[in-house]
Amino acid sequence: MDIQVWSDVICPWCYIGKRRLEKAVRAFDGTVTVTYRAYQLDPSPVPEPLPIKQVMAGKFGGWQRAEEMFAHVTAIAAGEGLTLDFDRAVAANTFPAHRLIAWAATRERQADMLDALQAAHFTHGVDIGSADALAAVAGSIGLDEGAARDYLMTDAGSAAVQVDLAEARELGITSVPSFVIDGKYAVQGAQETPTLLAAFEEITRREAADAAA
């Protein structure tokens, strides 16, 4: 089974969805390959790393509404063993982070890099719009920090990210996480692990029936 996952680094539901997907894959009785694809919830430039709470309060009608949203998603993440600290998180344009994930993929560390970047953003308050900070995250998972920094100083990886963004538009993806399974089945949102596992099993049943027919 091939699973293509469109997600953004600063999307809390993508962080939750990744954890739930990993649990479902471990529980599934079959071979699964997972590829993470780039998506940007907001491609706008971020001139300075403002606190995410400040940014979201402006987008969602004030502090009270923003705090309610943060509390809700933080509680759900905690149930999955994830720590979201929105008091520390800062806003960032994620294009460079997606480029770094593309670089890590060439070293077979794509999922590890995405996980490290999500933890850096949500738990440790790292500015993932900074090339130096991104290089340090690469170093934290055992990749060459200097090589990562040099890579980020060029335009390398931009084409790969643009391909992902273009394909998301072609598929009509407007929210993430979005899962495309075996090129023809779509699952939207951070579905709970049992729901994902049931979807995998149903897809396997359908494909076996198609093959028999």
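Ala 131 is found in helix α6 of what is a predicted model. With a relative accessibility of 21%, Ala 131 counts as partly exposed, because buried would mean a value under 20%. Once its neighbours within four places in sequence are set aside, Ala 131 is in contact with Leu 152 and Met 153. In the case of Met 153, which lies 22 residues away from Ala 131 along the chain, the two C-alpha atoms are separated by 7.6 Å.

## The pair α5 and α6

Helix α6, comprising residues 131–140, has an axis that comes within 10 Å of the axis of helix α5, residues 110–122, and the two cross at roughly 125°. The two helices are therefore oblique to each other, and the passage of α5 across α6 is a right-handed crossing.

On the α5 side, the residues that meet α6 are Met 113, Ala 116, Leu 117 and Ala 120, while α6 contributes Leu 134, Val 137 and Ala 138. By residue class, this contact of α5 with α6 consists of seven nonpolar residues, with no polar and no charged ones.

## The four-stranded sheet

Elsewhere in the model, four strands form an open sheet of mixed pairing, and their order across the sheet is β2-β1-β3-β4. The edges are taken by β2 (33–38) and β4 (185–188), and since each of these has a single partner strand, one side of each is left without a neighbour in the sheet. Averaged over the sheet, and with direction ignored, neighbouring strands are turned by 20° against each other.

Helix α9, which spans residues 193–212, packs on this sheet and touches β1, β3 and β4, and the direction of α9 makes about 170° with that of β4.

## Strand β1 and its two partners

How do the two pairings of β1 run, parallel or antiparallel? With β2, strand β1 runs parallel, and six bridges join the two; within this pairing, Asp 2 stands opposite Thr 33 in β2. With β3 (residues 178–181), by contrast, β1 (residues 2–7) pairs in the antiparallel sense over four bridges, and here Gln 4 has Val 180 of β3 as its bridge partner. In general, the strands of a sheet pair through backbone hydrogen bonds, in either the parallel or the antiparallel sense.

Of the six residues of β1, five are buried, so this strand is largely enclosed by the rest of the structure.

Terms used. Residues numbered from 1 in each chain as written. Predicted model: local features only at pLDDT ≥ 70, side-chain atom pairs only at ≥ 80, totals over all residues. Heavy atoms only, no water. Pairing = 2+ DSSP bridges. Axes fitted to C-alpha atoms, helices over the stretch in contact; angles between N-to-C directions. Contact = heavy atoms within 4.5 Å. Parallel < 35°, antiparallel > 145°, perpendicular 65-115°, else oblique. Left-handed = near helix turned anticlockwise from the far one by under 90°. Nonpolar A, V, L, I, M, F, W, Y, C, P; charged D, E, K, R; others polar. Buried < 20%, exposed > 50% of the residue type's maximum accessible area, 1.4 Å probe, protein only.
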